[in-house]
Structure formats: structure tokens, C-alpha cells
Amino acid sequence: MSGITPDNIYGIYQEFKSPLAVMVGAGLSAPLPTGLPLQRDILISLLNLDWVDGEEKFPIKNEKRLTNTIKSILHSKKSMVDAINDKLRLEHILSIYSEWGNRDVGVLLTQFGDAKPNWYHYQIAGLASQRIICNILTTNFDLCLEKALDSLGVPYIQVTDEDGYKKAEKSNKLKLIKLHGTLCPSGSNETSKGLISTLESMSQGIDQWKANCLRQNIDDHGLI
């Protein structure tokens, strides 16, 4: 691009003279009516109760590794909120849940699958319907972008793994690339696909196909 950088997506599109790629994160799903909590709010919620799975309770408050971590963080802090703001990660809680009897982390996150799209999801879907956007990359687990795209009749391919990415490359449809995996719709045989939500899964680093995807979108489309 040359000259003054345009201050809106239409101007950027006109400058590039080709469809753009957009990358979005958790902030997209915070406004109402979606109203999904951000990491800090989820952590506070989890730490204030024992998760119930059928008749069994997930012993968050009594789990030694987590308790010791919290104690060390709280040593110089005033409250649990301060600890969360400082060091405590959602991935830590989800790792412990996953290890507890080899549990499905998707079970704790399925509530987000029912969330309704908000104005921002529909705006992105609208840009996609005009072919101003050709690819959407997101770290979000929820299905709000899918719902918004479906409501406007925008054809797309949801990508959560390398095989899906290879297939999507051959298609002219919009690609919805979910870098941290996705929840599955209600009634599905699975709770999630390709979910990256625990310390163990995140510590493995970014997969090569995702790195290639990011580079390709930056080089070919410009990533917003």
C-alpha cells in the first residue's frame, strides 16, 4: 500500500483491490447479545464453585497443584481477582479438568456454543457476503460467526485441522479458520474439534499449517 493508510475496511479493500483476510479474538463475542465472558470472568466463575459432571464433582478447590499455585500467587495479592489479573491462566484450570479422569474439556465450554451473534459478527458476515472479506481467522471457540454467515447465506468452509485446510485451499468459498479449534453444534456426536485450551496443547506451539496459513493470508490478502 502507498500513501495514507485508509481508516476503514472499505478504504483498505479499495487500496488492495482484492478481498481481505480478517483475524478476530475473544473481544468480538463479549458485546450483547452474545455476552460471552472473557478469560478473567470464566476463571472467577470456575474458582467459586465445584464443577458438576453428572453426580461427580470436579474438585477445583481441593486440587493440590492448583491450590498451591493460587496460594503462591495470593501471597502478595489482596484478592483472587488480583491473582487472576496477574498470573493465573484459564488453561491451567482446563488442564487439571482434562487430567481428572481424562475428561473432555469441551464439556466445560459447551455453554458457549448456544451464544447468539451480535452486531459485529453480522458486520463481518455482511462484508463476507460482499466478497470484501475472503478469509476469517479466529481464536474463538464459539459458533457465532458460523451463525451469522448462515443467516446471510454466505457459503464457507470451517477449518480446524490440516486436512481441512488442504481441502479448503482448493475451494472458492470463504474460509473460516479456527486456530484454536471449535465447539460443535448442539446434537453433534462431539463437543469440540481441534480444541487448544490446555497448557499442554498450547505449549506445543503453532502447527506448521497454521503458520503457513497466517503467512499466506498476510502475503496474499493483507491481514486485518
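Reader: Which residues of helix 5 are buried?

Author: The buried residues of helix 5 are Leu90, Glu91, His92, Ile93, Leu94, Ser95, Ile96 and Tyr97. This is a predicted model, in which local features need pLDDT of at least 70 and side-chain atom pairs count only at pLDDT 80 or more, while totals for chains, interfaces and linings use all residues. Residues are numbered from 1 along each chain as its sequence is written, and side-chain values use heavy atoms, with hydrogens and water left out.

Reader: Why is helix 5 called largely enclosed by the rest of the structure?

Author: Buried means under 20% relative accessible area, exposed over 50%, and partly exposed in between (1.4 Å probe, protein chains only). In helix 5 (residues 90-99), 8 of the 10 residues are buried, so the helix is largely enclosed by the rest of the structure. Helices (H or I, at least four residues) and strands (E, at least two) are DSSP runs, numbered from the N terminus.

Reader: Why is Lys17 called exposed?

Author: The relative accessible area of Lys17 is 70%, and the term requires over 50%; Lys17 is therefore exposed. Lys17 lies in the loop between helix 1 (9-16) and strand 1, and has a positive phi of about 60° although it is not a glycine.

Reader: What makes Arg131 count as partly exposed?

Author: Its relative accessibility is 38%, so Arg131 counts as partly exposed. Arg131, in the loop between helix 7 (119-129) and strand 4 (133-138), has a positive phi near 65° and is a residue other than glycine.
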